[in-house]
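The sequence and structure are shown below.

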Amino acid sequence: PRCDLKSKCAYELQRKKAVLAKYRVLNFSYFLSENNFSKGRFSNQDIVIVDEADRIEDSLIDFVSLVIGYRIKLFLKSIGIYEPKFKTVYESWIEWANKSVPLLINEKDKLEEIVSEPNPSIEDIKDFHLAKNILSKLLILRESSSDKWIRYEIENKIIFRPIWLSEFLSEKFLFRHSNKFILMSATLPEIRILSYLLGINIDDLDFLELDSPFNPENRQIIYEPYADMSFKVFEIDKLIKKIKEVLNNHKNEKGIIHTVSYKIRDIVMAEISNDRLITHNTKDKEVILARFKSSDRPLVLVSPSIDRGVSLDDNQARFAIWCKVPYQNLIDKVVSARVYSSNFGKEWYQADAANTVLQGCGRIVRSFTDYGVSYLFDKQFDKLFNKAKYFPKWFREAIIWR
(Lines give C-alpha, C1' and ligand atoms only; values in the text may rest on other atoms or scores of the structure.)
Protein backbone atom coordinates (compact mmCIF):
# COMPACT_ATOMS: atom_id res chain seq x y z
CA PRO A 1 0.00 0.00 0.00
CA ARG A 2 1.03 3.60 -0.64
CA CYS A 3 2.64 5.50 2.22
CA ASP A 4 3.50 9.20 2.06
CA LEU A 5 6.41 8.69 4.50
CA LYS A 6 7.87 5.69 2.69
CA SER A 7 10.84 7.68 1.33
CA LYS A 8 11.80 8.61 4.91
CA CYS A 9 11.07 5.26 6.57
CA ALA A 10 14.21 3.87 8.25
CA TYR A 11 13.17 0.30 7.43
CA GLU A 12 12.63 1.06 3.73
CA LEU A 13 15.94 2.94 3.50
CA GLN A 14 17.86 0.05 5.05
CA ARG A 15 16.07 -2.46 2.83
CA LYS A 16 17.08 -0.50 -0.27
CA LYS A 17 20.70 -0.52 0.91
CA ALA A 18 20.54 -4.28 1.44
CA VAL A 19 19.04 -4.89 -1.99
CA LEU A 20 21.76 -2.83 -3.71
CA ALA A 21 24.66 -4.19 -1.63
CA LYS A 22 27.00 -6.85 -3.00
CA TYR A 23 27.02 -8.57 0.39
CA ARG A 24 24.38 -8.39 3.09
CA VAL A 25 23.55 -9.99 6.45
CA LEU A 26 19.91 -10.91 6.92
CA ASN A 27 17.78 -12.38 9.65
CA PHE A 28 16.90 -15.91 8.48
CA SER A 29 13.15 -15.42 9.01
CA TYR A 30 13.29 -12.21 7.00
CA PHE A 31 15.21 -13.98 4.21
CA LEU A 32 12.47 -16.61 3.99
CA SER A 33 9.62 -14.11 4.15
CA GLU A 34 11.10 -11.67 1.64
CA ASN A 35 11.87 -14.36 -0.93
CA ASN A 36 8.63 -16.32 -0.65
CA PHE A 37 5.92 -13.82 0.26
CA SER A 38 7.25 -10.55 -1.14
CA LYS A 39 9.20 -9.59 -4.26
CA GLY A 40 12.03 -12.09 -3.83
CA ARG A 41 14.69 -9.37 -3.74
CA PHE A 42 17.27 -11.70 -2.22
CA SER A 43 16.56 -14.73 -4.39
CA ASN A 44 18.75 -15.96 -7.27
CA GLN A 45 21.94 -15.72 -5.22
CA ASP A 46 25.13 -17.52 -6.17
CA ILE A 47 25.99 -18.40 -2.56
CA VAL A 48 24.04 -18.02 0.69
CA ILE A 49 25.86 -18.59 4.00
CA VAL A 50 23.63 -19.69 6.87
CA ASP A 51 25.05 -19.45 10.38
CA GLU A 52 23.56 -21.39 13.32
CA ALA A 53 22.43 -23.86 10.69
CA ASP A 54 21.53 -26.49 13.28
CA ARG A 55 18.28 -24.48 13.65
CA ILE A 56 17.36 -24.39 9.95
CA GLU A 57 14.87 -27.22 10.22
CA ASP A 58 13.02 -25.57 13.11
CA SER A 59 12.95 -22.23 11.28
CA LEU A 60 11.66 -23.73 8.05
CA ILE A 61 8.97 -25.76 9.79
CA ASP A 62 7.85 -22.70 11.74
CA PHE A 63 7.76 -20.74 8.48
CA VAL A 64 5.45 -23.14 6.64
CA SER A 65 3.26 -23.95 9.66
CA LEU A 66 -0.16 -22.41 10.15
CA VAL A 67 -0.98 -21.10 13.63
CA ILE A 68 -4.54 -19.93 14.24
CA GLY A 69 -4.71 -17.90 17.43
CA TYR A 70 -7.43 -15.79 19.01
CA ARG A 71 -7.00 -12.71 16.80
CA ILE A 72 -6.92 -14.76 13.60
CA LYS A 73 -10.05 -16.67 14.69
CA LEU A 74 -11.89 -13.36 15.21
CA PHE A 75 -10.71 -12.01 11.86
CA LEU A 76 -11.76 -15.15 10.00
CA LYS A 77 -15.20 -15.13 11.65
CA SER A 78 -15.63 -11.48 10.64
CA ILE A 79 -15.43 -12.49 6.97
CA GLY A 80 -17.55 -15.63 7.34
CA ILE A 81 -14.85 -18.29 7.78
CA TYR A 82 -15.60 -20.80 10.54
CA GLU A 83 -13.78 -23.92 11.67
CA PRO A 84 -14.92 -27.19 10.06
CA LYS A 85 -17.33 -29.46 11.87
CA PHE A 86 -14.98 -32.45 12.01
CA LYS A 87 -11.93 -30.79 13.55
CA THR A 88 -9.85 -33.94 13.96
CA VAL A 89 -10.20 -35.06 10.33
CA TYR A 90 -7.33 -33.95 8.08
CA GLU A 91 -9.48 -33.87 4.92
CA SER A 92 -11.95 -31.52 6.60
CA TRP A 93 -9.26 -28.91 7.05
CA ILE A 94 -8.10 -29.18 3.44
CA GLU A 95 -11.69 -28.66 2.33
CA TRP A 96 -11.87 -25.73 4.77
CA ALA A 97 -8.70 -24.24 3.26
CA ASN A 98 -10.06 -24.60 -0.28
CA LYS A 99 -13.24 -22.73 0.68
CA SER A 100 -11.40 -20.10 2.72
CA VAL A 101 -8.82 -19.06 0.11
CA PRO A 102 -11.28 -17.27 -2.26
CA LEU A 103 -12.88 -15.43 0.67
CA LEU A 104 -9.47 -14.30 1.93
CA ILE A 105 -8.37 -13.17 -1.53
CA ASN A 106 -11.52 -11.07 -1.81
CA GLU A 107 -11.01 -9.55 1.65
CA LYS A 108 -7.31 -8.87 0.99
CA ASP A 109 -8.16 -7.06 -2.27
CA LYS A 110 -10.79 -4.92 -0.54
CA LEU A 111 -8.41 -4.00 2.26
CA GLU A 112 -5.64 -3.22 -0.23
CA GLU A 113 -7.89 -0.63 -1.87
CA ILE A 114 -8.72 0.89 1.51
CA VAL A 115 -5.11 1.18 2.70
CA SER A 116 -4.07 2.67 -0.65
CA GLU A 117 -6.23 5.69 0.07
CA PRO A 118 -4.79 8.65 2.02
CA ASN A 119 -4.60 8.24 5.80
CA PRO A 120 -5.84 4.67 6.22
CA SER A 121 -6.60 3.59 9.79
CA ILE A 122 -4.09 1.55 11.75
CA GLU A 123 -6.70 -1.20 12.13
CA ASP A 124 -7.22 -1.44 8.37
CA ILE A 125 -3.46 -1.65 7.81
CA LYS A 126 -3.18 -4.38 10.44
CA ASP A 127 -6.08 -6.32 8.92
CA PHE A 128 -4.56 -6.03 5.44
CA HIS A 129 -1.24 -7.51 6.56
CA LEU A 130 -3.04 -10.14 8.62
CA ALA A 131 -5.12 -11.18 5.61
CA LYS A 132 -1.97 -11.44 3.47
CA ASN A 133 -0.23 -13.55 6.10
CA ILE A 134 -3.16 -15.92 6.64
CA LEU A 135 -3.65 -16.30 2.91
CA SER A 136 -0.01 -17.21 2.33
CA LYS A 137 -0.12 -19.83 5.08
CA LEU A 138 -3.43 -21.27 3.84
CA LEU A 139 -1.97 -21.62 0.36
CA ILE A 140 0.95 -23.56 1.84
CA LEU A 141 -1.45 -25.78 3.79
CA ARG A 142 -3.60 -26.39 0.72
CA GLU A 143 -0.77 -27.05 -1.71
CA SER A 144 1.97 -28.58 0.41
CA SER A 145 0.39 -30.46 3.30
CA SER A 146 -0.28 -34.18 3.46
CA ASP A 147 -1.03 -36.87 6.01
CA LYS A 148 2.60 -36.31 7.07
CA TRP A 149 1.41 -33.11 8.74
CA ILE A 150 -0.02 -32.93 12.25
CA ARG A 151 -2.82 -30.83 13.69
CA TYR A 152 -2.99 -30.07 17.39
CA GLU A 153 -4.21 -27.45 19.84
CA ILE A 154 -2.18 -25.73 22.54
CA GLU A 155 -2.94 -22.61 24.57
CA ASN A 156 -6.15 -22.02 22.56
CA LYS A 157 -4.20 -22.08 19.30
CA ILE A 158 -4.79 -24.47 16.40
CA ILE A 159 -1.52 -25.49 14.79
CA PHE A 160 -0.78 -27.30 11.53
CA ARG A 161 2.80 -28.31 10.90
CA PRO A 162 4.73 -30.99 9.04
CA ILE A 163 6.15 -33.80 11.16
CA TRP A 164 9.27 -33.71 8.97
CA LEU A 165 10.46 -31.42 6.21
CA SER A 166 10.01 -32.92 2.78
CA GLU A 167 12.32 -32.37 -0.17
CA PHE A 168 9.48 -30.41 -1.77
CA LEU A 169 9.13 -27.98 1.17
CA SER A 170 12.87 -27.40 1.53
CA GLU A 171 13.33 -26.78 -2.18
CA LYS A 172 10.27 -24.57 -2.60
CA PHE A 173 10.87 -22.28 0.36
CA LEU A 174 14.65 -22.25 0.76
CA PHE A 175 17.04 -24.03 -1.56
CA ARG A 176 15.65 -22.72 -4.87
CA HIS A 177 16.74 -19.22 -3.84
CA SER A 178 20.46 -19.85 -4.33
CA ASN A 179 22.83 -21.99 -6.38
CA LYS A 180 24.79 -23.04 -3.31
CA PHE A 181 24.30 -22.92 0.44
CA ILE A 182 27.06 -23.00 3.05
CA LEU A 183 25.58 -24.22 6.33
CA MET A 184 27.67 -23.43 9.42
CA SER A 185 27.28 -24.38 13.05
CA ALA A 186 29.38 -25.53 15.97
CA THR A 187 26.95 -28.43 16.38
CA LEU A 188 25.64 -29.70 13.06
CA PRO A 189 24.43 -33.31 13.31
CA GLU A 190 26.14 -35.98 11.26
CA ILE A 191 25.58 -35.73 7.53
CA ARG A 192 23.07 -38.60 7.28
CA ILE A 193 20.81 -37.08 9.93
CA LEU A 194 21.21 -33.58 8.48
CA SER A 195 20.21 -34.71 5.01
CA TYR A 196 17.02 -36.32 6.34
CA LEU A 197 16.07 -33.34 8.51
CA LEU A 198 16.47 -30.87 5.65
CA GLY A 199 14.93 -33.07 2.97
CA ILE A 200 18.16 -33.09 0.94
CA ASN A 201 19.62 -35.98 -1.01
CA ILE A 202 22.80 -36.95 0.83
CA ASP A 203 24.69 -37.00 -2.49
CA ASP A 204 24.02 -33.25 -2.81
CA LEU A 205 25.87 -32.50 0.43
CA ASP A 206 29.55 -32.02 1.14
CA PHE A 207 30.43 -32.12 4.84
CA LEU A 208 33.49 -30.68 6.59
CA GLU A 209 34.05 -31.18 10.32
CA LEU A 210 36.79 -29.25 12.13
CA ASP A 211 38.37 -29.71 15.55
CA SER A 212 37.76 -27.15 18.28
CA PRO A 213 40.63 -24.63 18.52
CA PHE A 214 40.06 -24.30 22.29
CA ASN A 215 42.27 -26.22 24.70
CA PRO A 216 40.32 -29.19 26.19
CA GLU A 217 41.70 -28.32 29.63
CA ASN A 218 39.90 -24.98 29.42
CA ARG A 219 36.51 -26.56 28.63
CA GLN A 220 36.34 -29.65 30.82
CA ILE A 221 33.12 -31.64 31.08
CA ILE A 222 32.91 -33.66 34.29
CA TYR A 223 30.53 -36.60 34.13
CA GLU A 224 29.62 -38.36 37.37
CA PRO A 225 26.70 -40.82 36.93
CA TYR A 226 25.11 -40.19 40.29
CA ALA A 227 21.37 -39.51 39.88
CA ASP A 228 18.91 -41.22 37.54
CA MET A 229 16.79 -38.34 36.25
CA SER A 230 14.55 -40.39 33.97
CA PHE A 231 10.81 -39.75 34.28
CA LYS A 232 10.14 -43.03 36.09
CA VAL A 233 12.98 -42.78 38.64
CA PHE A 234 13.65 -39.03 38.97
CA GLU A 235 16.24 -38.99 41.77
CA ILE A 236 15.91 -35.27 42.35
CA ASP A 237 17.21 -35.42 45.95
CA LYS A 238 20.51 -36.85 44.74
CA LEU A 239 20.75 -34.17 42.08
CA ILE A 240 20.12 -31.40 44.61
CA LYS A 241 22.95 -32.78 46.75
CA LYS A 242 25.37 -32.58 43.82
CA ILE A 243 24.25 -29.09 42.87
CA LYS A 244 24.99 -27.91 46.40
CA GLU A 245 28.47 -29.45 46.19
CA VAL A 246 29.23 -27.65 42.94
CA LEU A 247 27.94 -24.35 44.32
CA ASN A 248 30.22 -24.73 47.32
CA ASN A 249 33.23 -25.59 45.13
CA HIS A 250 32.58 -22.50 43.00
CA LYS A 251 31.36 -20.20 45.75
CA ASN A 252 33.26 -17.20 44.40
CA GLU A 253 32.38 -17.72 40.74
CA LYS A 254 29.32 -17.15 38.59
CA GLY A 255 27.64 -20.06 36.84
CA ILE A 256 24.50 -21.41 35.21
CA ILE A 257 22.20 -24.35 35.90
CA HIS A 258 20.52 -25.92 32.87
CA THR A 259 17.28 -27.25 34.38
CA VAL A 260 15.86 -28.37 30.98
CA SER A 261 12.30 -27.79 32.27
CA TYR A 262 10.44 -25.25 34.40
CA LYS A 263 9.35 -28.10 36.68
CA ILE A 264 12.95 -28.87 37.65
CA ARG A 265 13.72 -25.14 37.77
CA ASP A 266 11.03 -24.68 40.41
CA ILE A 267 12.31 -27.62 42.47
CA VAL A 268 15.90 -26.33 42.39
CA MET A 269 14.82 -22.86 43.47
CA ALA A 270 12.65 -24.27 46.24
CA GLU A 271 15.13 -26.83 47.59
CA ILE A 272 18.30 -24.73 47.54
CA SER A 273 18.16 -21.79 49.91
CA ASN A 274 20.89 -19.61 48.48
CA ASP A 275 20.62 -15.96 47.52
CA ARG A 276 23.14 -16.52 44.72
CA LEU A 277 20.46 -18.26 42.67
CA ILE A 278 18.34 -16.15 40.32
CA THR A 279 15.88 -17.20 37.65
CA HIS A 280 13.45 -15.81 35.09
CA ASN A 281 10.08 -16.42 33.47
CA THR A 282 9.12 -16.31 29.81
CA LYS A 283 8.63 -12.52 29.86
CA ASP A 284 11.64 -11.20 31.79
CA LYS A 285 14.40 -13.49 30.52
CA GLU A 286 16.40 -10.78 28.73
CA VAL A 287 16.20 -8.41 31.70
CA ILE A 288 17.34 -11.08 34.18
CA LEU A 289 20.09 -12.26 31.83
CA ALA A 290 21.44 -8.71 31.47
CA ARG A 291 21.37 -8.27 35.25
CA PHE A 292 23.19 -11.58 35.70
CA LYS A 293 25.91 -10.74 33.16
CA SER A 294 26.61 -7.28 34.59
CA SER A 295 26.65 -8.28 38.26
CA ASP A 296 29.91 -8.54 40.22
CA ARG A 297 28.35 -11.00 42.67
CA PRO A 298 28.90 -14.78 42.19
CA LEU A 299 25.34 -15.26 40.95
CA VAL A 300 24.03 -18.51 39.47
CA LEU A 301 21.40 -18.30 36.73
CA VAL A 302 18.86 -21.13 36.95
CA SER A 303 17.10 -21.58 33.61
CA PRO A 304 15.50 -24.14 31.29
CA SER A 305 16.32 -22.10 28.19
CA ILE A 306 19.87 -20.77 28.05
CA ASP A 307 21.43 -23.64 26.15
CA ARG A 308 21.55 -21.59 22.92
CA GLY A 309 22.08 -18.03 21.80
CA VAL A 310 23.77 -16.85 25.01
CA SER A 311 27.41 -15.80 25.29
CA LEU A 312 28.76 -15.78 28.85
CA ASP A 313 32.30 -14.56 28.38
CA ASP A 314 35.09 -14.97 30.93
CA ASN A 315 33.93 -14.18 34.48
CA GLN A 316 30.29 -13.98 33.42
CA ALA A 317 30.20 -17.77 33.99
CA ARG A 318 32.87 -20.27 35.01
CA PHE A 319 30.70 -23.35 35.47
CA ALA A 320 27.53 -24.97 34.20
CA ILE A 321 25.41 -27.76 35.69
CA TRP A 322 23.09 -30.01 33.69
CA CYS A 323 20.15 -31.21 35.79
CA LYS A 324 19.31 -33.97 33.32
CA VAL A 325 19.90 -35.10 29.77
CA PRO A 326 17.88 -32.59 27.68
CA TYR A 327 15.54 -34.95 25.87
CA GLN A 328 12.53 -33.24 24.36
CA ASN A 329 9.20 -33.82 26.09
CA LEU A 330 7.32 -36.80 24.68
CA ILE A 331 4.06 -35.18 25.77
CA ASP A 332 4.61 -32.69 22.93
CA LYS A 333 2.44 -33.77 19.99
CA VAL A 334 5.12 -33.18 17.36
CA VAL A 335 7.88 -34.87 19.37
CA SER A 336 5.77 -37.97 20.03
CA ALA A 337 4.66 -38.11 16.39
CA ARG A 338 8.31 -38.06 15.33
CA VAL A 339 9.58 -40.58 17.86
CA TYR A 340 6.82 -43.12 17.32
CA SER A 341 6.52 -42.73 13.55
CA SER A 342 9.80 -44.36 12.48
CA ASN A 343 13.18 -45.67 13.52
CA PHE A 344 14.67 -42.40 12.34
CA GLY A 345 12.39 -40.58 14.79
CA LYS A 346 14.00 -42.46 17.67
CA GLU A 347 17.45 -41.64 16.31
CA TRP A 348 16.54 -37.97 15.92
CA TYR A 349 15.38 -37.94 19.56
CA GLN A 350 18.85 -39.04 20.71
CA ALA A 351 20.75 -36.79 18.30
CA ASP A 352 18.68 -33.75 19.30
CA ALA A 353 19.49 -34.27 23.00
CA ALA A 354 23.19 -34.65 22.20
CA ASN A 355 23.12 -31.47 20.11
CA THR A 356 21.56 -29.54 22.98
CA VAL A 357 24.31 -30.74 25.35
CA LEU A 358 26.94 -29.63 22.84
CA GLN A 359 25.34 -26.21 22.55
CA GLY A 360 24.77 -25.76 26.27
CA CYS A 361 28.32 -26.64 27.27
CA GLY A 362 29.54 -24.01 24.84
CA ARG A 363 27.79 -21.11 26.61
CA ILE A 364 30.59 -20.64 29.16
CA VAL A 365 33.80 -20.95 27.08
CA ARG A 366 33.85 -18.30 24.39
CA SER A 367 37.50 -17.70 23.42
CA PHE A 368 41.04 -19.13 23.46
CA THR A 369 41.73 -17.61 26.87
CA ASP A 370 38.33 -18.30 28.39
CA TYR A 371 37.77 -21.32 30.63
CA GLY A 372 34.96 -23.11 32.47
CA VAL A 373 33.75 -26.53 33.55
CA SER A 374 30.44 -28.27 32.87
CA TYR A 375 28.93 -30.92 35.16
CA LEU A 376 26.63 -33.81 34.24
CA PHE A 377 25.18 -36.08 36.95
CA ASP A 378 22.30 -37.79 35.12
CA LYS A 379 22.93 -41.51 34.63
CA GLN A 380 20.92 -41.33 31.40
CA PHE A 381 23.93 -39.68 29.80
CA ASP A 382 25.60 -43.11 29.62
CA LYS A 383 23.21 -44.29 26.92
CA LEU A 384 23.58 -41.09 24.95
CA PHE A 385 27.36 -40.88 25.14
CA ASN A 386 27.74 -44.48 24.01
CA LYS A 387 26.35 -43.36 20.64
CA ALA A 388 29.72 -42.02 19.55
CA LYS A 389 28.38 -40.59 16.29
CA TYR A 390 26.37 -37.95 18.18
CA PHE A 391 29.44 -36.39 19.83
CA PRO A 392 32.40 -35.05 17.84
CA LYS A 393 35.99 -35.77 18.81
CA TRP A 394 36.55 -32.27 20.20
CA PHE A 395 33.75 -32.83 22.73
CA ARG A 396 34.72 -36.35 23.71
CA GLU A 397 38.31 -35.33 24.45
CA ALA A 398 37.08 -32.85 27.06
CA ILE A 399 35.10 -35.43 29.09
CA ILE A 400 36.42 -36.39 32.54
CA TRP A 401 34.80 -39.48 34.12
CA ARG A 402 34.35 -39.75 37.86
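## Basis of the values

A residue is called buried under 20% relative accessible area, exposed over 50% and partly exposed in between, with a 1.4 Å probe and protein chains only. The model is predicted, so that local features need pLDDT of at least 70 and side-chain atom pairs count only at pLDDT 80 or more, while totals for chains, interfaces and linings use all residues. Residues are numbered from 1 along each chain as its sequence is written, and side-chain values use heavy atoms, with hydrogens and water left out.

## Cysteines

The structure holds zero disulfides, a disulfide being a pair of cysteine sulfur atoms within 2.5 Å. The sulfur of C323 has its closest cysteine sulfur in C361, at 13 Å, which is too far for a bond. C323 is buried, with a relative accessible area of 0%; C361 is also buried, at 10%.

## Cavity

One cavity of 30 Å³ or more is present. A cavity is a set of points, on a 1 Å grid over the protein atoms alone, where a 1.4 Å probe fits but cannot get out; lining residues have an atom within 4 Å of a point. The largest cavity has a volume of about 70 Å³, volume being the space filled by probe spheres set on the points.

Its lining consists of I68, K73, L76, K77, I81, Y82, E83, W93 and W96. By class, six of these residues are nonpolar, none polar and three charged. The helices α4 (70-78) and α5 (90-115) each supply at least two lining residues, and α4 gives the most, with three. Helices are DSSP runs (H or I, at least four residues), numbered from the N terminus.

Notes
1 Å grid on protein atoms, 1.4 Å probe; cavity = no way out; pocket = protein on both sides within 12 Å on 5 of 7 lines; lining within 4 Å. Nonpolar A, V, L, I, M, F, W, Y, C, P; charged D, E, K, R; others polar.
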